[in-house]
Each structure stands twice: as C-alpha cells, then as structure tokens.
Amino acid sequence: MAILLKGAPVAKEICEEAARRAEKLRERGIAPALAIVRVGENDADIYYERAAMRRCDAVGIDVRNVILRESVTQQELICAIRELNEDREVSGVLIFRPLPAHISDEAVRGALDPKKDVDGITEASLGGIFTGSGTGFCPCTAESVMEILRYYGVELEGRRACVIGRSLVIGKPVSQLLMAKNATVTVCHTRTRDVKEETRRADVIVSAAGRAGTVTIGNVTPGQVIVDVGINTDENGGLCGDVVFSDVEPFVNAITPVPGGVGAVTTAVLCMHVIEAAEGKK
C-alpha cells in the first residue's frame, strides 16, 4: 500500500509560519492584505475564493474582494488592477483566470505590479523562475507540489521526474522548480508520442493534464512517487484527479490523494506569498 502524501499537515506547517510572521508585521503596524479580483460568478472561482478567505482569516491576513460583472470591459478591469497596484494597504493581488473571452489575458497580466503578483502570473514573476533569480512569486499550485515533496522528504537530486502538462500555471514552472532541485525532467504533452514509456522511466510523476484517467496502471512502475495536480469530475459527479487512484495506488511507493492533496496546500502557499509581499521580500 502506498504512502498517502496528504496536504493537510503541509498546509498546517506553512500556515503556522505565516501566522507567526503576520503577527510580527502587525506589531510593526503593517496589516498584510490580499485583494481577490473575480470577474463573473464562476462556481470554481467562488469555491476557491471562499477557501482563500477562510485560510487568510485563520492566518491573520485581511481580504478585500473586488467582484466585477461578467460584461466588465477590459479597460475597467485594468483600471481596477492599477488602483490596487497603487493602494499601499494591499500587499498582494490574486486575479481569477481564465477571464471572459472579450478580455485579453496578456493585457491584464501586464497591468499587475509584479511585486503584488502573489500567484505568479506576470512575465516578471515567471522570468524569475526560469532564470533562477528568485525574484517574484511562483504560481501557487506549482509551489504546492514542491512543498509536498519537501515535507515528505522525497529525494529529487539526480532522480528522474516526469511532468505531464506544459501550461504556464503548473507544467512549465514546476518543471523548472524540479530542475532547480537537480532532478532530470521530462515534460509530456498532447504531442508526446508515448507518454507511458516516459512515465514508467520516472522516479517522480507530476500529473497536471487536467484530464481524468491520464495516469493508469500502464503508466507506473513499483517504487514511484506520484503527485496528482488534476481536479476533475468523475462519472458520479465527484472530484477526482488525473490519476486512476484505485488502480495505481497498490503499485507505487507514495501518492497524493484528490481531494486532500495538492489543492489543500495551495491556499497556504498563497498566504505565505501575501506575507512575503507585505514584508517587501520580493
């Protein structure tokens, strides 16, 4: 039976440290604050917004909700973001994406001050990951993967890692973070000829395809560690990851559950980024 890499203890450790640092900031007269920008009434956005608000409240971070109608113009949204950039009481800004089709994602990302970009969406933040400069913030989900591997003592140096997915949200940044730990990384995507061959060679598999059933028994070999980033809906309407957990779990060494794995850590990482932004460390 595989070791379950649960997110709750990882999140607890991060939040306890964030709470200690938030208290020190308040002693200095600084109130860490997160502005959450949401366009429309997407259920997934609302769910994450509520989770982030609960986590921030527990840590000692103020939250400001900026909720805009689905039909908001691109210029109106950019103006709202620029106001937050100039607001000294706002430490960090979280913008929910994807945005409506009539709004340019690139323009919105470009409008955000990188110093307040606590979810790593600006080019400056992503550039910090790819150059290894340490400037800016990593996307929260990608960093959550690394926090889980760190917490459970998964050795990465000299090991083979296979990342499924090449998005700027998870796949590309997490591959860079793995390489920074001296792992040898292969990135698989929709044009990869034989994903199973690549995953079977790996010591660590990170699946961020966003498609249920991506990783099955044919993808794994004994002794592997699997981090399942996918959040999907199964045929019964329940949550599931990219990995067919019941098939894979008996054969691998360790695996994250869905729910209760990476997702449980993401809001904790977000809180730590807000604290760091308030401290002026980025």
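The following dialogue reads several features of a predicted model.

Trainee: Where does Ser 91 lie?

Mentor: Ser 91 belongs to the loop that joins helix H3 (74-86) to strand S4 (92-95).

Trainee: Is Ser 91 buried or exposed?

Mentor: A residue counts as buried when its relative accessible area is under 20%. Ser 91 has a relative accessible area of 10%, so this residue is buried.

Trainee: Which residues does Ser 91 touch, leaving aside those up to four places away in sequence?

Mentor: With those set aside, the residues touched by Ser 91 are Ala 31, Pro 32, Ala 33, Lys 115, Lys 116, Val 274, Ala 277 and Ala 278.

Trainee: Let us turn to the sheet. In what order do the strands of the open sheet stand?

Mentor: The open sheet has 6 strands in the order S1-S11-S8-S7-S5-S6, and their pairing is parallel. Strand S1 (3-4) and S6 each have a single partner strand, so these two form the edges, and one side of each lacks a neighbour in the sheet.

Trainee: How many bridges join S1 and strand S11?

Mentor: Strands are taken to pair when at least two bridges are found between them. S1 and S11 (residues 254-255) are joined by 2 bridges in the parallel sense. Within this pair, Ile 3 has Ala 254 of S11 as its bridge partner.

Trainee: Which strands of the sheet does H7 touch?

Mentor: H7 packs on the sheet through contacts with S5, S6 and S7, and its direction makes about 170 degrees with that of S5.

Trainee: How many of the residues of helix H7 are buried?

Mentor: Helix H7 (residues 171-180) is mostly covered, with 7 of its 10 residues buried. Among them are Pro 173, Val 174, Leu 177 and Leu 178. The buried residues of H7 pack against helix H5 (123-131) and helix H6 (140-151), as well as strand S5 (160-164), strand S6 (184-188) and strand S7 (204-207). After H7 comes Asn 182, with a positive phi near 70 degrees.

Trainee: How many cavities of 30 Å³ or more does a search of the whole structure find?

Mentor: The search finds 1 cavity of 30 Å³ or more. The largest cavity has a volume of about 40 Å³.

Trainee: Which residues line the largest cavity?

Mentor: Its lining consists of Arg 160, Ala 161, Cys 162, Thr 184, Thr 186, Glu 198, Arg 201 and Ala 202. S5 and S6 are the elements that give two or more residues to this lining. The largest share, 3 residues, comes from S5. By class, the lining holds 3 nonpolar, 2 polar and 3 charged residues.

Conventions
Residues numbered from 1 in each chain as written. Predicted model: local features only at pLDDT ≥ 70, side-chain atom pairs only at ≥ 80, totals over all residues. Heavy atoms only, no water. Helix = DSSP H or I, 4+ residues; strand = E, 2+ residues; numbered from the N terminus. Buried < 20%, exposed > 50% of the residue type's maximum accessible area, 1.4 Å probe, protein only. Contact = heavy atoms within 4.5 Å. Axes fitted to C-alpha atoms, helices over the stretch in contact; angles between N-to-C directions. 1 Å grid on protein atoms, 1.4 Å probe; cavity = no way out; pocket = protein on both sides within 12 Å on 5 of 7 lines; lining within 4 Å. Points joined across faces, edges and corners; volume = space filled by probe spheres on them. Nonpolar A, V, L, I, M, F, W, Y, C, P; charged D, E, K, R; others polar.
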